[in-house]
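Reader: Could you give me a close look at how the side chains pack in this one? I'd like one connected walk through it, please.

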Amino acid sequence: VPDLRGTWAGTWAGKPASLLVTEQADEGAERGVHLGSWQILGERRPSLAGVLTYTERGAAVSTNARGWVGGGPRGTLSLVVVVDAGGGPIVLDLRLAGDRLTGTGQSSARWGPSGAVELRRR
């Protein structure tokens with residue numbers, strides 16, 4: 001998994017958006033064999049944490065975000081970013097292509113953004 005830390009900026013549903021990835025690590029799976037807090041057997045998945053900033057009701061909103069990296073079709077990397085926002089969960093389903101993250105984002109709040117996401121590494 002490439003290093004995704006840093007700032008990714010662009011648009012979500014045609015409005016300014018950015019994702020600041022501050023942490024990236026391997027996260028233990030809930031399933032598997034554990035000895036205390038140590039995972040002995042089971043898959044680990046790359047995870048990330050940071051801040052998602054997006055436009056909602058004409059104003060910029062920043063909130064903590066977490067995500068997971070996995071394999072996508074034909075060897076591409078996929079990234080799922082989840083945010084617990086005040087109006088309900090937000091999910092971004094993105095694909096990594098070079099210095100771009102593209103895909104879709106869905107806010108569960110009826111006033112929240114939904115649609116295409118395109119972010120470039122700064």
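Author: Let's start with the rings: searching the whole structure turns up one aromatic pair (Phe, Tyr or Trp rings, with the six-membered ring used for Trp, whose centres are within 6.5 Å; planes under 30 degrees apart are stacked, over 60 edge-to-face, the rest tilted). Bear in mind that this is a predicted model, where local features need pLDDT of at least 70 and side-chain atom pairs pLDDT 80 or more, while totals for chains, interfaces and linings use all residues. Residues are numbered from 1 along each chain as its sequence is written, and side-chain values use heavy atoms, without hydrogens or water.

Another ring feature is Arg57, which sits over the face of Trp111, 4.2 Å from the ring centre (NZ of Lys or CZ of Arg within 6 Å of the centre and within 35 degrees of the ring normal).

As for the fold, there are ten strands and zero helices (DSSP runs numbered from the N terminus: E, at least two residues, for strands; H or I, at least four, for helices).

Now the packing. Zooming in on Leu19, and skipping neighbours within four places in sequence, you'll find contacts (heavy atoms within 4.5 Å) to Gly6, Thr7, Trp8, Val51, Leu52, Ala65, Val81 and Leu119. Over the protein, 32% of the 122 residues are buried (under 20% relative accessible area; over 50% is exposed, in between partly exposed, with a 1.4 Å probe and protein chains only).

Beyond its neighbours within four places, Glu23 is in contact with Arg5, Ser47, Leu48 and Ala49.

Finally, Thr55 is part of S5 (residues 44-56). Its side chain reaches the backbone oxygen of Pro16 at 3.1 Å, a polar contact (N or O atoms within 3.5 Å, one able to donate a hydrogen and the other to accept it; residues adjacent in sequence count only if both atoms are side-chain atoms). Leaving out neighbours within four places, Thr55 is in contact with Lys15, Pro16 and Pro113.
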